[in-house]
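Please open the model in a viewer and keep the selection panel at hand. The stops below are meant to be followed in order.

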Amino acid sequence: MNMAIFILGVPAAVLAAVVLYRQFVFRAGTQKKLSEIHRKLKAILDEESGERVMVFTDNKELMELAAQINRLLEEKAKTEADFRRSEISSRKMLSNISHDLKTPLTVIRGYLEIMRTREEADLAAQADQQTAAGTEGQERLQMLKKAEQKAEAMMELIDSFFSLAKIEAGDTDITLSSLDVCEVCRESILDFYELLTGADFQVEAGLPEIPVCVQGNREALQRIFSNLISNVIRYGADGKYLGIFLRTDEQSAYIDVVDKGKGIDSVFADSVFERLFTMEDSRSRSVQGNGLGLTIAKKLAERMGGDLTLESVPHVRTIFTVTLKRMIP
């Protein structure tokens, strides 16, 4: 009898073993398919390739999972496309508005200049007469000068808006070629040299005598350095120092624009390149800025295949680094 039970128990044990083996294989296969789905989804998201997840299996749950993932990917692609269209439309609208504002403001500036010139001529004719009319004329002249200064500031702001809008909308033609970045740096320093020395700045340039060629656009580079040096004069004046240094490796050239002013706190480090961001004290007249210079500089650097980054230790050293692709002769 014991032998019979043993013999009857053998098929049951074999069946149980087969069932367990099939479950193991099923789970292992499912795990492998899930890993494949994970890798593919990660690649799609990292590369923004626009592909879809494909899974070859008879498992209905895995097929449904892949279908829902693809549905989410399609929704994501549609949302991104709608956002890009909206962003392009907004940028073009801003570009058009900026352009339309320039014309009437130019006329206003012209009239203010004519009025100021006539007032100055009238006062010059009355120079020897200490009269009430002369005093009133001086007051009118001062008001005209202030109005003219405000109009100039408004025109500068609109020009910056217009430039940024054109860059972001892709309407700015930035033709890239090989150029000597050292030469552009020296020209930029010379453009500001009188202003820097007049403000008692120590100017230091660590630039090699031999040309260092980069992929860039001369006008765009000049604007980047102009914005960065203007930034030093506005916000780094306490340090009375401007340094421009060049570093290279096999792939890139790095131009460091350095000041020793009060710097930028780490809280604001990620915000300085945002549109209209200004430090708190930039509201004062002595350091007034429009908050677009660094944004424009970074956008131009990116359009040339480079970048603009910031490293700052307040009251010690602030470094804006322009990174550009080297062009080896």
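Predicted model: local features only at pLDDT ≥ 70, side-chain atom pairs only at ≥ 80, totals over all residues.

About 60 Å³ of space lies in the largest cavity. To display its lining, select Asn231, Tyr235, Gly236, Asp259, Gly263, Ile264, Thr318 and Phe320. Helix 5 (218-235) and strand 7 (317-325) are the elements that each give two or more residues to this lining. Coloured by class, the lining shows 3 nonpolar, 4 polar and 1 charged residues.

**The nonpolar cores**

Next, select Val181, Leu221, Ile224, Phe225, Leu228, Ile244 and Ile255, which touch the most other members of the 43-residue largest nonpolar core. Two or more residues come from each of helix 3 (132-168), helix 4 (181-198), helix 5, strand 4 (241-248), strand 5 (252-259), helix 6 (293-303), strand 6 (307-313) and strand 7.

Which residues is phenylalanine 225 in contact with, leaving aside its neighbours within four places in sequence? Centre the view on Phe225 to find Val181, Val184, Cys185, Ser188, Ile255, Val257 and Val322.

Then move to a second, separate core of 8 residues; Ile44, Val55, Leu62 and Leu73 are among them.

**Confidence along the chain**

Finally, colour by pLDDT. The chain has a mean of 79, with 81% of its residues at 70 or more. Select residues 3-8, where pLDDT stays under 50 and the model has 0 contacts beyond four places in sequence. Residues 281-288 also stay under 50, but for these the model has 10 such contacts beyond four places in sequence.

Definitions and conventions:
Residues numbered from 1 in each chain as written. Heavy atoms only, no water. pLDDT = per-residue confidence, 0-100. Contact = heavy atoms within 4.5 Å. 1 Å grid on protein atoms, 1.4 Å probe; cavity = no way out; pocket = protein on both sides within 12 Å on 5 of 7 lines; lining within 4 Å. Points joined across faces, edges and corners; volume = space filled by probe spheres on them. Helix = DSSP H or I, 4+ residues; strand = E, 2+ residues; numbered from the N terminus. Nonpolar A, V, L, I, M, F, W, Y, C, P; charged D, E, K, R; others polar. Core = buried A, V, L, I, M, F, W, Y, C linked by side-chain atoms within 4.5 Å. Buried < 20%, exposed > 50% of the residue type's maximum accessible area, 1.4 Å probe, protein only.
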